[in-house]
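The sequence and the structure are shown first.

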Amino acid sequence: MLRELKSSTKPVMGVLHSLDQEVKTKREISKSTEVKAEGNSMSFKLSERSLGRLDGVDEKLVKVVKRAIELTKVDFGVTEGLRTIERQQELVNSGASQTMASKHIEGKAVDLVAYVGDRVSWELNLYDDIADAVKQAAKELDVAVRWGAAWNVNNICEWTGSMESAMNHYIDTRRSQGRRPFIDAPHFELV
Ligand SMILES: [Zn+2]
């Protein structure tokens with residue numbers, strides 16, 4: 001009986017051992033990836049789907065988005081770039097958009113959604129972090145960009161505070177005018 005146990009234990013131990021080695025190897029791989037990303041463990045990549053959605057978008061804005069994903073604290077994906085007139089009409093009809101003069105039709109706007117792990121999140125505080133990365137990228141590349149949560153800031157590159165403070169400024173301004181703020185936090189457009 002004892003002998004049987006011993007002999008059946010051995011191969012199990014062997015399996016555990018090799019599994020352990022596999023885990024170690026994976027860790028080493030992820031370590032070397034971090035090193036490649038210049039030691040930034042929070043570096044993200046645009047998926048093929050997100051990159052595909054940048055097709056037809058103005059090159060300047062594409063560059064800003066591609067730089068922003070390298071800088072951002074919060075992972076994001078592209079949900080929409082260039083939009084057809086038909087699609088815009090649908091959005092206006094459903095109330096999802098307020099205008100037929102959308103910059104998406106010209107390929108001069110993108111919508112970026114926040115990811116937490118593999119899931120999309122609509123938590124507003126994630127979006128001002130993304131906007132901070134877009135602002136830094138736009139500044140580096142000298143591209144004037146407007147954000148859909150701070151419409152009255154004409155070019156986010158010129159806003160000296162955080163993008164959270166830009167959004168609060170927009171909300172306060174609208175309220176002081178007795179108007180409702182229109183927050184479209186995923187939206188960035190060329191000015
Ligand atoms: Zn948009």
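Which residues of helix α3 are buried? In α3, the buried residues are Leu-61, Val-64, Val-65, Ala-68 and Ile-69, where buried means that 20 or more other C-beta atoms lie within 10 Å of a residue's own, exposed means 12 or fewer, partly exposed lies in between, and C-beta atoms are placed from the backbone. Because they cover an arc of only 135° around the axis, they are on the same side of α3; the arc is that of the directions from the helix axis to the C-beta atoms.

The model is a predicted one, in which local features need pLDDT of at least 70 and side-chain atom pairs count only at pLDDT 80 or more, while totals for chains, interfaces and linings use all residues. Residues are numbered from 1 along each chain as its sequence is written.

**Confidence and overall organisation**

The average pLDDT of the protein is 84, and 78% of the residues score at least 70; pLDDT is the predictor's confidence in each residue, from 0 to 100. Over residues 1-40, pLDDT stays under 50, and the model has 3 contacts beyond four places in sequence for this stretch. Two residues are in contact if their C-beta atoms, placed from the backbone, lie within 7 Å.

The protein contains 6 helices and 5 strands, which follow the order α-α-α-β-α-β-β-α-β-α-β from the N terminus. Helices (H or I, at least four residues) and strands (E, at least two) are DSSP runs, numbered from the N terminus. Of the 191 residues, 28% count as buried. Among contacts with a separation of 6 or more, 63% are between residues 24 or more positions apart.

**Helices α3 and α5**

Helix α3 covers residues 59-71, and its 13 residues should span 18 Å at 1.5 Å a residue, which agrees with the 19 Å between its end C-alpha atoms. The expected span is 1.5 Å times one less than the number of residues in the helix. The buried residues of α3 pack against β1 (75-80), β2, α5, β4 and β5.

Helix α5 (residues 124-141) has 18 residues and reaches 26 Å from its first C-alpha to its last, close to the 26 Å expected.

Two strands pair if DSSP finds at least two bridges between them.

| Strand | Sense with β5 | Bridges | A bridge pair |
|---|---|---|---|
| β2 (residues 109-116) | antiparallel | 3 bridges | Val-110 with Phe-188 |
| β4 (residues 145-147) | antiparallel | 3 bridges | Val-145 with Leu-190 |

**The nonpolar core**

Which residues touch the most other members of the largest nonpolar core? In this core of 37 residues, they are Val-64, Ile-130, Val-134, Val-145 and Trp-147. A nonpolar core is a set of buried Ala, Val, Leu, Ile, Met, Phe, Trp, Tyr and Cys residues joined through C-beta atoms within 7 Å. Two or more residues of the core come from each of α3, β1, β2, α5, β4, α6 (163-176) and β5, and the largest share, 8 residues, comes from α5.

Leaving out residues up to four places away in sequence, Trp-147 touches Ala-131, Val-153, Ile-156, Met-163, Ala-166 and Phe-188. Ala-109, in strand β2, is 38 residues from Trp-147 in sequence and 9.7 Å from it in space, C-alpha to C-alpha. Ala-109 is buried because 24 other C-beta atoms lie within 10 Å. Beyond four places in sequence, the contacts of Ala-109 are Ser-102, Lys-103, His-104, His-187, Phe-188 and Glu-189.

Most residues other than glycine have a negative phi.

Glu-158 lies in the loop between β4 and α6 and counts as exposed, with 10 C-beta neighbours inside 10 Å. Glu-158 and Ala-144 are 14 residues apart in sequence and 8.7 Å apart in space, C-alpha to C-alpha.
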